[in-house]
Amino acid sequence: MIDLYTAATPNGQKVHIMLEECGLDYEMHWIDIDSGEQFAPDFLKVSPNNKIPALVDHDGPSGKISLFESGAILLYLADKAKKFLPTEPNRKWETIQWLMWQMGGFGPMLGQAHHFNKYAPENPLGPVVLPYAQDRYTNEAARLYRVLDHQLATHDWVAAEEYTIADMAIFPWCRLYERQGQNIDDFPNVKRWFALVAARPAVAKDMNKLEDIVGEWDEESWEVSFGARQRTQQ
Ligand SMILES: N[C@@H](CCC(=O)N[C@@H](CS)C(=O)NCC(=O)O)C(=O)O
């Protein structure tokens, strides 16, 4: 049995999709990251970085195991289920390469684009800084979408000529393209691939579930996510 600690965000959604795709036995525990539940001592024991997703597998290969970081969790589940990570070495490493591209670039940069376009207070450091940050991350997000679009121009799936954990990691970030300052029509291959992934029953099931879980965002949520609460932790 697997306990998954998660929220309705792209990093959580990657793991929801993988668990559904693999048909593994799991229970979801929703962590309200807007109200600060990620700072609860019991959650920090599983996820010392105060972030979802985190997972506890009571039936791991060497007994109970607990993991944080969505990329590590996807690799763990692929290894456990023997699914969605090819075994042929070139295809396996190509998949891991695109997974790392998402973990190190596509996720963090799109996250910054989202932050400066939606959450940053007006001109926090002076009149020039906010537009600079918005441009910097919106442009970098567009560059990364172009890299993905180029890859998908000649491939049905992101890596290894099959549906893998790389697709699952990248897909949820593309849902929020508007908040990242992007127009999906600028990336027609991404658009085609997105529809292909979204049509999978496991993915559609998760997207329906997430629609019911959109939380309220207020000043306190901002403080929890970006303010003093983050700096006083640990
Ligand atoms: N690199 C981490 C990023 C996880 C992450 O940023 N989680 C966010 C939600 S998408 C979170 O839990 N934020 C709460 C906080 O920072 O306090 C992963 O891929 O698991």
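Q: Which residues does Met18 touch, leaving out those up to four places away in sequence?
A: In this predicted model, Met18 touches Leu74, Leu77, Phe84, Ile165 and Met168 once residues up to four places away in sequence are set aside, where contact means that the two C-beta atoms, placed from the backbone, lie within 7 Å. Local features here need pLDDT of at least 70 and side-chain atom pairs count only at pLDDT 80 or more, while totals for chains, interfaces and linings use all residues. Residues are numbered from 1 along each chain as its sequence is written.

Q: And which residues of the largest nonpolar core touch the most other members?
A: Met18 is one of them, together with Leu74, Ile165, Ala166 and Ile170, in a core of 52 residues. A nonpolar core is a set of buried Ala, Val, Leu, Ile, Met, Phe, Trp, Tyr and Cys residues joined through C-beta atoms within 7 Å. A residue is buried if 20 or more other C-beta atoms lie within 10 Å of its own, exposed if 12 or fewer, and partly exposed in between, with C-beta atoms placed from the backbone.

Q: Which elements each supply at least two residues of that core?
A: Strands S1 (2–6) and S3 (54–57) do, as do helices H1 (10–22), H3 (70–81), H4 (89–119), H5 (129–153), H6 (165–174) and H7 (188–198); helices (H or I, at least four residues) and strands (E, at least two) are DSSP runs numbered from the N terminus. H4 gives the largest share of this core, 9 residues, and the core draws at least three residues from each of domain 1 (2–83 + 210–231) and domain 2 (89–199), with domain bounds that come from an automatic or database domain assignment.

Q: How far apart do the centres of domain 1 and domain 2 lie?
A: Their C-alpha centres lie 21 Å apart, and the contact takes 12 residues from domain 1 and 10 residues from domain 2.

Q: What gives the residues on the side of domain 1 that touches domain 2?
A: H1, H3 and helix H9 (219–226) are the elements that give two or more residues to that side, and the largest share, 6 residues, comes from H1. The residues of that side divide into 7 nonpolar, 4 polar and 1 charged, where Ala, Val, Leu, Ile, Met, Phe, Trp, Tyr, Cys and Pro count as nonpolar, Asp, Glu, Lys and Arg as charged, and the others, Gly among them, as polar.

Q: Switching to the ligand, which residues come nearest?
A: Of the 13 residues around the ligand, Thr9, Asn11, Ile33, Lys51 and Ser70 come nearest, a residue being near if its C-beta atom, placed from the backbone, lies within 6 Å of the molecule. The shell around the ligand divides into 4 nonpolar, 7 polar and 2 charged residues.

Q: Which phi value does Phe84 have, then?
A: Phe84 has a positive phi of about 65 degrees although it is not a glycine, and this residue lies in the loop between H3 and H4. Phe84 counts as buried because it has 21 C-beta neighbours inside 10 Å. Ala160, in the loop between H5 and H6, has a positive phi near 65 degrees, and with 23 other C-beta atoms within 10 Å Ala160 is buried.

Q: Is Asp135 buried or partly exposed?
A: Asp135, found in helix H5, is partly exposed because 13 other C-beta atoms lie within 10 Å. Asp135 and Val56 are 79 residues apart in sequence and 39 Å apart in space, C-alpha to C-alpha.

Q: Last topic, the whole chain: what is its radius of gyration?
A: The protein has 18 Å, which agrees with a compact globule, because one of 234 residues would have a radius of gyration near 17 Å; the radius is taken over C-alpha atoms, and the globule rule is 2.2 Å times the number of residues to the power 0.38. Along its principal axes the C-alpha trace spans about 55 × 45 × 30 Å, and 33% of the 234 residues count as buried.
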